[in-house]
Structure formats: C-alpha cells, structure tokens
Amino acid sequence: MLLIPAIDLKDGQCVRLQQGEMDRVTVFSDAPEQMAAHWVAQGARRLHLVDLNGAFAGKPVNKPAIAAILKAVGNDIPVQIGGGIRDLETIEKYLDMGISYVIIGTAAVKNPGFLQEACIAFGGQVIVGLDAKDGKVATDGWSKITGHEVTDLAKKYEDYGVNSIIYTDIGRDGMLQGINIEATVKLAQASTIPVIASGGLSNMADIDGLCAVEGEGVEGVICGRAIYSGDLDFAAAQKRADELMES
C-alpha cells in the first residue's frame, strides 16, 4: 500500500482545502519545496501535487513552486501532478520538467478523446482523477456535478492504457471523516485499472481498512490534512502498511 503525501498549491503556498472550496483554506507552508523534502525524509515513495489555481484556471499556474519542489527532491522519488492539464503540450512540458505522472481530471470527463491521445503519446504516465459526490463525477475544480457515474467512466477508460485512477470522495475531503472504503472498493472492482484512494484519511484505522482491501485493486492512498494536522504520523502509517502487507 503506497501512502502518498499531498502538496496542494495555491498562490505558491502549500495549503489544504475543505471539500474543495477555495475560500476554506489552511496554509501549512510558504515553502512547498521544504515540505516536499520533509515528506521524502519521512519515507514517502511518491509525492502528489495539485495546482489548485490551475484547476480553476484550466492551465498551469504554480510552475515556480512545482519547479522548486522537483529541484528539492531530485530523482529520489516519483512526483505526480494534477490541476489544469487540458492539452498534450502541458503534459509534455511537465514531463520535461521531471514530473513522472500527470493527472487528468476534468478533461478526462469532458474530452475522453484527449485522454486517449495522452495515453497513446505518454504511455504509462497518465493517471485519471475522478472526483465524486454521491457516486456522481464532479469537474472544474469540483464546482460542477455531472450526471456521470464513477464506475461507468472507469469501465470506459479500461482500454485507454490509463496507469491508475485517483478516486476522491469530495464530501469527505479535508474533513478527517475517514476514507470511503466501500465506494473505493466498488470502483476498484468495476474495472481492471488500479485505484488510489483519496479524501478523508484520518487515522490508522483507515490504513488498516485500506490494506485489507488492497487485493481488490486499491494500490494506494493520498495523504492530506491528517498528516499536516498531526492526526496521522506519516512515517508510522507507512511502516504499519508495510508490516500489514508482509504479514
């Protein structure tokens, strides 16, 4: 089970939002690159970046902060990024910067042809971000709820060559209410694409619950507010996950 610290970028700062609302923000660091180095030192094996401004603008906004993070972690671990990725040129520029995986969210829902092109051009490096509320997919920085069922889209993407799906339960994101394991497993069972859980991680019980369903196709979890607030010790959680997987 891969535990992936999240570094959400807003106006060059490392922040956390509650339920994806830009006006419900907590700033955790003015130096995101230092935060990235901290998580690497704590044993992170991958980092999850989100350009929050980019998600709303539809294009990358926080490139200076992203470049600083990549410089800070070097080649130590892979870095994935989402937020405002709408064309192949943006993907290419990110990969040239040193990003390992790009996350396509809104564009994957609105323009599946683009997602298919991206998977062909950048095989193995494209992750789909599916954010949902009550099983319905949300787009445009979570500001719009569509009529698409998460499971239906996952099945649709099976033949595209998508690396994995990050599934976020919007209602729980940043609220420390626990991962929606039931919905995550349902999605993982609906297709052959590995799923990374996101939204609501709060304590070791979530880690135990996720490790118990790894065999269903849940390969990791995004760690957000809980590791910043101290509700969950990241290093201890990754150690716990490793021990459970070995037993």
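Asn-75 lies in the loop between helix 3 and strand 5 (79-82); helices (H or I, at least four residues) and strands (E, at least two) are DSSP runs, numbered from the N terminus. Asn-75 counts as exposed because its relative accessibility is 84%; the cut-offs are under 20% relative accessible area for buried, over 50% for exposed, and partly exposed in between (1.4 Å probe, protein chains only). Along the chain Asn-75 and Gly-98 are 23 residues apart, and their C-alpha atoms are 8.4 Å apart in space.

Keep in mind that this is a predicted model: local features need pLDDT of at least 70, side-chain atom pairs count only at pLDDT 80 or more, and totals for chains, interfaces and linings use all residues. Residues are numbered from 1 along each chain as its sequence is written, and side-chain values use heavy atoms, with hydrogens and water left out.

**Another loop residue**

- Asp-11 sits in the loop between strand 1 (2-10) and strand 2 (13-18).
- Most residues other than glycine have a negative phi.
- Asp-11 isn't a glycine, yet its phi is positive, at about 55 degrees.
- With a relative accessibility of 54%, Asp-11 counts as exposed.

- Two packed helices are described by the angle between their axes and the distance between the axes.
- Here, the axes are lines fitted to C-alpha atoms, for helices over the stretch in contact, and angles run from 0 to 180 degrees between N-to-C directions.
- Helix 1 (residues 32-41) packs against helix 3 (residues 63-73) at an angle of about 35 degrees, and their axes are 8 Å apart.
- Helix 1 brings Pro-32, Glu-33, Ala-36, Ala-37 and Val-40 to the contact, and helix 3 brings Ala-65, Ala-68, Ile-69, Ala-72 and Val-73; contact means heavy atoms within 4.5 Å.
- By class, the residues of this contact are nine nonpolar, no polar and one charged; Ala, Val, Leu, Ile, Met, Phe, Trp, Tyr, Cys and Pro count as nonpolar, Asp, Glu, Lys and Arg as charged, and the others, Gly among them, as polar.

**Helix 9 with helix 11**

- The axes of helix 9 (residues 204-212) and helix 11 (residues 234-246) cross at roughly 30 degrees and come within 10 Å.
- On the helix 9 side the contact has Met-204, Ile-207, Asp-208 and Cys-211, and on the helix 11 side Ala-236, Ala-237, Arg-240, Ala-241, Leu-244 and Met-245.
- Sorted by class, that gives eight nonpolar, no polar and two charged residues.

**Buried spots**

- Val-102 belongs to strand 6 (residues 101-104) and is buried, at 1% relative accessibility.
- Not counting residues up to four places away in sequence, Val-102 touches Ile-81, Ile-85, Ile-91, Tyr-94, Leu-95, Gln-125, Val-126 and Ile-127.
- Ala-226, in helix 10 (residues 225-229), is buried too, with 0% relative accessibility.
- Ala-226 and Asn-203 are 23 residues apart along the chain, and their C-alpha atoms are separated by 7.3 Å.

**Cysteines**

- If a disulfide is a pair of cysteine sulfur atoms within 2.5 Å, the count comes to zero.
- Cys-223 is in no disulfide, and its nearest cysteine sulfur, that of Cys-211, is 11 Å away.
- Cys-223 is buried, with a relative accessible area of 0%, and Cys-119 is buried at 6% relative accessibility.
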